Amino acid sequence: MKITKSKIIGLLALLVVVGVLAGAAVWQQSKPKPAAPVEATKVTGYLGGEKIGLFDDPQFAQLAAAQGLDVDYRKAGSLAMMDADRTGMDYLFPSSRAAVEYGKAKGVNAAKQDIVFNSPIVLYTHKAVVDGLVSGGLVSKDGETYHMDMAKAVDAMKNNKSWADVGYQAGYGQFRIDSTDPVQSNSGNEYAALVATVLNGGQPATVDSVNRDAATIKAIFAKSGWMETSSEDSFNQFLTLGVGSKPMMVGYESQILDLAVNQPNAYQQIKDDVVIVYPTPTVWSTHTLMALDDNGAKLLDVLKSSDVQKLAWERHGFRAANFAGTDPISRFGVPSAADQLTAVSELPNNDAMQAIIAALS
């Protein structure tokens, strides 16, 4: 049988194809197998409501996932979480060292803990109210920043002054500053400590001074009636109900900064009305993560990383513990926000804080 030139060419082509396929098969066999996807470790715990915006941020989730963590939370007041069921919980994230000390007194012991963020306690009010309080002498204005003289404010509440008495003629009833429940929530608790300190002549309150002033402290808080247990719920109620229901409230500076970045449309609706007023003095809220186990300790490391510290400042307004920020607070476009706080009081010691909680329970 005669083998033609075309048959020879076809046979060679077939051999080439077979060789290529065989080589490809060998190459595939020699390739290292891709690593199986690593399942993220679920980490859950109790979280103060003012930090939910950060924990819900997709960028935070990505940074945590890069370290092998899938972070979950349940919302709870800083003091309430110390009494809550901690079964299956890896961390507690209250908003102050005072809450941590309260937890220790309740037998809550962290395997590891550290301050992660800082945020000053501030007052939120409306433009009409603050203008009235400036005319009445309780509030002073420095540029676009407002400062409340807390000695004058506490004296006005102690003496049952009306809103009209302190300069806000349209206000109904007695002058008051609403807060969260001081027995369950940190912002209300730190406000109570500030009131107790003012009543003690500006020196951090003591057990003796709290016992002496307990009736006055209780009377001041009684003016507010029902109090929320979450700072975030309280802030949302303040924004929703308006000046007639909540003329002034205690909160964290970070709350309106977070709103300005993450809900710009909502902020545009209130930016010409809602203002920050800095109490003189104020107190720092030191957001402290308490790791209850190794998973909680891993979350603490993530939170203290420079990437998360930067994110917490730039998108959520927390003055971070180990990252000063690359730009001033003006980045948020909130005119009444202050770069520096010069009048800050120390919190009372744990025994005095316990006495305040007992007095208001």
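Modeller: Two residues are in contact when heavy atoms of theirs lie within 4.5 Å of each other. On that basis, among the contacts in the chain with a separation of 6 or more, 76% are between residues 24 or more positions apart. The model is a predicted one.

Leaving aside neighbours within four places in sequence, Phe 55 is in contact with Leu 47, Phe 60, Val 71, Tyr 73, Tyr 91, Phe 93 and Leu 303.

As for the setting, the chain contains 15 helices and 12 strands. It has 361 residues, of which 48% count as buried. Its accessible surface comes to about 16900 Å², and carbon and sulfur atoms contribute 52% of that area.

The charged pairs come next. The count of salt bridges is 14, and three of these pairs are described here. In one, the side chains of Lys 51 and Glu 50 meet, with an N to O distance of 2.6 Å. Lys 51 counts as buried because its relative accessibility is 0%. Glu 50 is likewise buried, with a relative accessible area of 6%.

Another salt bridge joins the side chains of Glu 101 and Lys 104, at 3.6 Å from N to O. Both residues lie in helix H5, which covers residues 97-105, and they are 3 residues apart, about one turn of the helix. Glu 101 has a relative accessible area of 32% and is therefore partly exposed; Lys 104, with 39%, is also partly exposed.

The remaining pair to be described is Lys 271 with Asp 272, whose closest N and O atoms are 3.3 Å apart. Here Lys 271 is partly exposed, with a relative accessible area of 32%. Asp 272 has a relative accessible area of 61% and so is exposed, since that class begins over 50%.

In terms of accessibility, then, Lys 51 is buried and Glu 50 is buried, whereas Asp 272 is exposed.

Conventions: Residues numbered from 1 in each chain as written. Predicted model: local features only at pLDDT ≥ 70, side-chain atom pairs only at ≥ 80, totals over all residues. Heavy atoms only, no water. Helix = DSSP H or I, 4+ residues; strand = E, 2+ residues; numbered from the N terminus. Buried < 20%, exposed > 50% of the residue type's maximum accessible area, 1.4 Å probe, protein only. Areas by Shrake-Rupley, 256 points an atom, 1.4 Å probe, with all protein chains shown as cover. Salt bridge = Lys/Arg side-chain N within 4 Å of Asp/Glu carboxyl O.
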